[in-house]
Amino acid sequence: MRIEPCAIFPVESGAPIIGLGILMAAFAIVTYLIAGYEPMPLPVAAVFLGFGIFLVWLGLKR
């Protein structure tokens with residue numbers, strides 16, 4: 001069984017995509033946890049969080 005390389009990063013593992021997904025999800029969550037900082041709008045944070053979770057799922061599926 002041949003594993004195709006990742007479409008975003010030219011490696012066969014899903015590690016770079018998982019890392020990018022975790023980074024996007026963390027960025028969406030951390031902006032709401034920092035006091036004294038205006039968080040991003042909720043719809044934008046939901047898109048970041050949703051796409052981050054999708055990328056983690058895609059990387060684990062590999």
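**Leucine 55 and its contacts**

I started with leucine 55 and looked up what it touches in this predicted model. Leaving out residues up to four places away in sequence, I found Ile17, Ile18, Leu20, Gly21 and Met24 on its contact list. Leucine 55 itself sits in helix H2. Buried or exposed, I wondered about leucine 55? Its relative accessible area is 2%, so I wrote down "buried", since the cut-off for that word is under 20%.

I also checked leucine 55 against alanine 25. They are 30 residues apart in sequence, yet their C-alpha atoms are 9.7 Å apart in space.

**Alanine 26**

Next I moved to alanine 26, which has its place in helix H1, residues 15–33. With a relative accessible area of 33%, alanine 26 goes down as partly exposed.

How far from glycine 52 is alanine 26 in space? I got 8.4 Å, C-alpha to C-alpha, for two residues that are 26 apart in sequence.

**Threonine 31**

Still in helix H1, I picked threonine 31. Its relative accessible area is 6%, so I noted threonine 31 as buried. A polar atom of its side chain lies 3.2 Å from the backbone oxygen of alanine 28.

Then I asked which residues threonine 31 touches, once those up to four places away in sequence are left out. My list reads Tyr37, Pro39 and Met40.

Isoleucine 34 took me out of the helix and into the loop between H1 and helix H2, the latter being residues 42–61. At 44% relative accessibility, I put isoleucine 34 down as partly exposed.

Isoleucine 34 also turned up in a nonpolar patch on the surface, alongside Val30 and Tyr37. Together the three have about 270 Å² of accessible area. I had already met Tyr37 as one of the residues that threonine 31 touches.

**Aromatic rings**

I went looking for ring pairs next, and the structure holds 3 aromatic pairs. I looked up phenylalanine 54 with tryptophan 57: their ring centres are 5.8 Å apart and their planes stand at 35°, so the pair counts as tilted. My check on the name: planes under 30 degrees apart would be stacked and over 60 edge-to-face, so 35° falls in the rest.

How are these two placed along helix H2? They are 3 residues apart there, which means about one helical turn separates phenylalanine 54 from tryptophan 57. I have phenylalanine 54 as partly exposed at 38% relative accessibility, and tryptophan 57 is partly exposed too, at 47%.

**The whole chain**

Last, I stepped back to the protein chain. I counted 2 helices and 0 strands. Of its 62 residues, 23% count as buried; leucine 55 and threonine 31 are among the buried ones.

What share of the contacts between residues at least 6 apart in sequence joins residues at least 24 apart? The figure is 50%. The contact list of leucine 55 gave me examples to look at, including Ile17 and Met24.

Note on methods:
Residues are numbered from 1 along each chain as its sequence is written. This is a predicted model: local features need pLDDT of at least 70, side-chain atom pairs count only at pLDDT 80 or more; totals for chains, interfaces and linings use all residues. Side-chain values use heavy atoms; hydrogens and water are left out. Helices (H or I, at least four residues) and strands (E, at least two) are DSSP runs, numbered from the N terminus. Buried means under 20% relative accessible area, exposed over 50%, partly exposed in between (1.4 Å probe, protein chains only). Patches are made of residues with over 30% relative accessible area and no salt bridge: like charges are joined within 9 Å, nonpolar side chains (Val, Leu, Ile, Met, Phe, Trp, Tyr) within 5 Å. Accessible areas come from the Shrake-Rupley method with a 1.4 Å probe; for residues, only the protein chains shown count as cover. A salt bridge is a side-chain nitrogen of Lys or Arg within 4 Å of a carboxyl oxygen of Asp or Glu. A polar contact is a pair of N or O atoms within 3.5 Å; within protein, one must be able to donate a hydrogen and the other to accept it, and residues adjacent in sequence count only if both atoms are side-chain atoms. Contact means heavy atoms within 4.5 Å. Rings of Phe, Tyr and Trp (its six-membered ring) pair if their centres lie within 6.5 Å; planes under 30 degrees apart count as stacked, over 60 as edge-to-face and the rest as tilted.
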